[in-house]
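Here is a short briefing to read alongside the model. Keep the sequence and the 3D view open as you go.

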Amino acid sequence: MITFGEKIKTLFSYNTIFGFTRLLLLISVSVFILSFYLFALQEIETTRGYILKNFEQTINIQRSMVENWFIEYAGRIKTFSELKSTRDGDMEVIKTNIEVFSRNNSDFSWLAFIDINGRTHDGYNVSDREYFKQCLLGRSYISDVLYGRVTNMPFISFSSPVFDHNGNVIGVVVGAVKLTTVSKIMEQFQFGVTGETYLVDRNGMMITPTRLASDAASQGMPNTDGHFNIKGTYGFEQVVQGKSGSEVYMDFRGQRVFGAFSPIGDHDWVIIAEVDENEVLTPLYKKLGKLCLVYFVLLAILIYLVTAFVRRINSPVFALMEKANRVERGDYSAVSQEGSFLKAPQELQYLNKAFVSMAQQLIATIGELNRVNNLLVEAEDKFRSLVENSLVGISILQDGKIVYLNPKMEELIGYTTKEAKQLSSYLEYVHPDDRELVLDKARRRKAGEAGHFNYEIRILRKNGTIIDVYILTSTCIINGKKAILGSMIDISDRKRWESTLEYISYHDTGTGLYNRAYFELQIKQMSKSDHDIGIIMCDVDGLKIINDSLGHHAGDALLKAAAQTILFDDKRIISARIGGDEFALLVWDATEDNLNAMIKKITTKVEAYRGSKEALPLYISLGYCLGKGYSIADVLRQADDAMYQDKNTNRMEVKEKITRNLGELIHAKTGDKNYAETDLD
């Protein structure tokens with residue numbers, strides 16, 4: 001029995017035209033619904049952002065207007081307090097000015113002059129009022145909402161201290177403005193059906209009434225002539241936290257509104273502008289509804305057209321599938337049948353012709369493939385014979401594993417192919433010091449830098465011996481997979497000859513020290529370095545007289561002895577023979593102290609040699625230079641000059657000592673005390 005899941009899978013199978021079409025339509029409808037939903041959300045969010053931005057700009061303008069209103073009214077009171085008659089305390093003139101001011105400023109419901117004791121000019125005691133206390137401290141003051149003691153009507157007071165000509169407070173001028181005046185200003189900011197702006201004091205009580213009092217009253221909120229306490233609403237609480245801005249939130253009626261909020265100047269008052277979200281977004285919802293209807297109509301038309309098109313091509317496609325099945329079974333007679341393709345779309349007619357042409361060529365192609373296959377078998381046999389008998393080691397790697405070694409490669413590394421396949425990696429028979437080089441070539445090959453690499457490495461054979469080899473690698477495809485074809489030649493004999501030749505080319509055969517060629521190579525490298533370098537020049541004194549007196553074999557022995565005295569077990573010190581009797585030491589990272597220590601050590605070793613039995617008279621002139629601030633050529637020249645200075649300073653003394661030592665040696669050997677003295681070099 002076919003399950004529901006299998007029915008759904010068959011109905012929407014992408015392996016058939018109808019199934020794929022149904023799946024495509026399902027996806028299209030889903031994508032349409034999702035995209036329209038996302039579009040609608042985007043439009044709503046964009047509209048909200050636009051409205052909130054405009055709201056925030058509007059609230060800033062309205063706040064500025066309210067603040068300017070406060071500044072203007074406070075300025076009128078301050079101007080009155082600064083009149084000369086007011087500062088003189090002339091009550092008759094002050095009363096007259098109050099009457100004139102009241103006639104010209106009808107917005108003020110009350111204006112009074114208060115003396116220093118808190119008595120108004122008309123006899124009321126207001127000494128307990130906050131505005132009076134603040135003004136006595138010399139500060140102007142704008143009050144919260146107050147209620148008249150006689151009228152019990154709400155008002156806002158503007159007060160300013162009165163200073164005499166000596167700067168002392170002698171009284172206070174206070175003016176009261178009814179809340180109806182502020183309310184009229186806020187009514188100018190009303191818009192639409194629910195849009196309005198109102199002021200709130202620090203306790204959350206509306207200073208100006210709302211025109212939505214009936215909505216709020218229906219929610220059971222206490223109502224005082226349209227004044228409600230909105231403490232706890234989002235906008236008010238944000239300002240309490242020191243913030244201003246705009247947002248969508250629930251207002252005091254429990255309705256979602258677009259709101260903007262901001263504190264007013266230095267007062268603890270808040271200005272809030274709000275409009276119902278539904279009032280603003282309803283036009284957008286209607287627009288989106290109409291757009292959705294149009295989209296669904298277009299989608300229905302598209303579904304109809306796609307379905308009709310699929311039905312028209314389905315019959316010829318089934319006929320073509322039948323032909324393909326018959327050809328697959330070996331019945332090539334089907335390729336000439338036109339069938340339902342006479343009325344098929346031109347594209348399917350062309351596809352049928354192409355299929356017929358392909359089928360007619362199939363038999364010839366099969367014959368050609370058989371012929372080529374025979375040639376490939378023959379070529380493979382020849383290649384295998386060539387590789388198996390090659391004098392070059394050949395290996396094949398796939399996925400980092402060895403898959404083939406020819407006999408010569410097995411001989412070179414000491415592993416059979418079977419043993420090599422069991423290794424965790426071909427790197428096991430690569431010398432540890434050369435494995436990073438091999439891995440680097442592999443990474444570069446993988447990155448496509450080159451298809452061929454050749455390099456020299458050392459191989460660690462199975463028996464532990466090490467041989468030098470030359471490697472040539474290239475990429476190829478074997479059995480449909482990428483492979484690395486490697487060739488290997490043993491170059492151990494060549495490397496040994498190269499090592500011997502390199503030693504001979506850079507060493508002095510008489511002393512075993514580095515020769516002048518190596519010395520000049522190191523000088524060139526030092527000239528490019530920023531290290532501190534030092535050079536010690538050495539010259540063997542009396543070599544010619546020793547050659548003349550005792551023979552060249554004695555001179556050679558003297559040079560070997562000199563070479564031993566300037567040798568140091570330190571890679572930073574290079575000792576070289578640069579001439580017949582001239583030696584030099586190159587010192588990397590040299591300092592004045594270690595150059596002096598080296599000269600002292602050379603002198604000590606020379607003296608120790610002369611103290612040995614049958615020692616030749618070995619004396620060495622020394623000079624050095626530290627390379628700070630000099631070029632390498634200057635360092636070499638100054639060291640040479642220092643050596644010749646040492647040689648000239650001690651010339652006569654050294655000559656006498658050598659002459660005396662030679663006399664003793666000759667007398668010991670021949671018994672002859674008479675010999676010729678020869679100048680030293």
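Two strands count as paired if DSSP finds at least two bridges between them. Helices (H or I, at least four residues) and strands (E, at least two) are DSSP runs, numbered from the N terminus. With that in hand, you can follow Phe158, whose bridge partner in E4 is Gly175.

The model is predicted: local features need pLDDT of at least 70, side-chain atom pairs count only at pLDDT 80 or more, and totals for chains, interfaces and linings use all residues. Residues are numbered from 1 along each chain as its sequence is written, and side-chain values use heavy atoms, with hydrogens and water left out.

**The sheet**
- An open sheet is built from 4 strands in the order E1-E4-E3-E2, with antiparallel pairing.
- Strand E1 (108–115) and strand E2 (141–147) are the edge strands, each pairing on one side only.
- Neighbouring strands in this sheet are turned by 25° against each other on average, direction ignored; axes are lines fitted to C-alpha atoms, for helices over the stretch in contact, and angles run from 0 to 180 degrees between N-to-C directions.
- E1 and strand E4 (residues 169–178) are joined by 7 antiparallel bridges, and Asp115 has Gly171 as its bridge partner in E4.
- Helix H6 (residues 179–187) packs on the sheet and touches E2, strand E3 (154–163) and E4, its direction making about 55° with that of E4.
- E3 and E4 run antiparallel and are joined by 9 bridges.
- The hairpin of E3 and E4 has 5 residues between the strands, and Gly167 there takes a positive phi near 85°.
- Buried means under 20% relative accessible area, exposed over 50%, and partly exposed in between (1.4 Å probe, protein chains only).
- E4 is largely enclosed by the rest of the structure, because 7 of its 10 residues are buried.

**The nonpolar cores**
- A nonpolar core is a set of buried Ala, Val, Leu, Ile, Met, Phe, Trp, Tyr and Cys residues joined through side-chain atoms within 4.5 Å.
- The largest core has 41 residues, and Val66, Trp69, Phe158, Leu199 and Phe258 have the most contacts inside it.
- Helix H2 (residues 17–81) gives this core its largest share, 12 residues.
- Apart from this core lies another, of 37 residues, among them Ile545, Leu558, Ala562 and Leu616.
- Beyond its neighbours within four places in sequence, Phe258 has contacts (heavy atoms within 4.5 Å) that include Arg48, Phe55, Glu247 and Leu281.

**A helix pair**
- Helix H16 (residues 543–550) and helix H17 (residues 552–565) pack at an angle of about 140°, with their axes 6 Å apart.
- On the H16 side, Leu543, Ile546, Asn547 and Leu550 meet residues of H17 including His552, Leu558 and Leu559.
- The residues of this contact divide into 6 nonpolar, 4 polar and no charged; Ala, Val, Leu, Ile, Met, Phe, Trp, Tyr, Cys and Pro count as nonpolar, Asp, Glu, Lys and Arg as charged, and the others, Gly among them, as polar.

- His431 is found in the loop between helix H12 (417–421) and helix H13 (435–446).
- With a relative accessible area of 12%, His431 is buried.
- Leaving aside neighbours within four places in sequence, His431 is in contact with Arg458, Ile459, Leu460 and Ile466.
- Cys135 counts as buried at 0% relative accessibility, whereas Cys476 is partly exposed at 23% relative accessible area.
- The structure holds 0 disulfides, a disulfide being a pair of cysteine sulfur atoms within 2.5 Å.
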